[in-house]
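Reader: I am new to this structure. Please take me through one part of it closely, in short sentences.

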Amino acid sequence: MASPGDVLRLGDDRLTFLTTAAQSGGAYVEVAVDYAPAVIKPPAHYHPKQTERMQVRSGRLNLLLDGELHEYEAGDEFHIPPGAVHSLWNPGPEHTRIVWRTTPAYRTETVFETLWGLTNEGRLRPDGTPRLQMPLLALGFRDEYRVVTGRPFLVDMALCAALAPVSLACGYRSSYRPEQHPEDHVGDHLADRQGAHQSV
């Protein structure tokens, strides 16, 4: 379970938890994210039951939403409705900082911890390998995060359910919490926490 001030790292990117599900009574999760210029664009995905609201605090952010490209800069705010297929990234050249609220919370904290943690430690790669990790993630986070595969969702779930016992037998798990380091809790996102989403 995440705590306010917990930090996740992914290469030069950094995510800091501002408000946790426990603090909001499950209403939402809010994080501050510092993105380096993108080397690889994240996969197209959607959230079936959740709304994402974002404020760009500095830098620039590109959003591909249902096939249409949107470009944002410091001071801009936008939201992504449930079910909308999207991908977002920092087009550069400088770092981008956003404050990001997901409503309702569900297991979003665990999604962040698992995907960022496994990828940062080299246990999960951008191409989706190791393959046997993916069925457990797809099943475990089906209410929060669905990658667009080109197949019907129910077909994907049936394939994942068939592979899940093999994945578990090979030692893979459906969630992961990376170790926290005291030096990460430096309070540099205090202003983000105090001013987060006053107008969103």
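In which loop does Tyr106 lie?

Author: Tyr106 lies in the loop between β10 and α2. Some ground rules come first. The model is predicted, with local features needing pLDDT of at least 70 and side-chain atom pairs counting only at pLDDT 80 or more, while totals for chains, interfaces and linings use all residues. Residues are numbered from 1 along each chain as its sequence is written, and side-chain values use heavy atoms, with hydrogens and water left out. Helices (H or I, at least four residues) and strands (E, at least two) are DSSP runs, numbered from the N terminus.

Now the loop. Strand β10 covers 96-103, and helix α2 covers 108-120. Pro104 is found in the loop between them. The peptide bond from Thr103 to Pro104 is cis, with omega near -15°. Tyr106 is in this loop too. Tyr106 is not a glycine, yet its phi is positive, near 45°. Tyr106 counts as partly exposed because its relative accessibility is 43%. The cut-offs are these: buried is under 20% relative accessible area, exposed is over 50%, and partly exposed is in between (1.4 Å probe, protein chains only).

Pro93 is found in the loop between β9 (86-89) and β10 (96-103). The bond from Gly92 to Pro93 is a cis peptide bond, with omega near 5°. Asp66 is found in the loop between β6 (60-65) and β7 (68-73). Asp66 has a positive phi of about 50°, although it is not a glycine. Asp66 counts as exposed because its relative accessibility is 55%.
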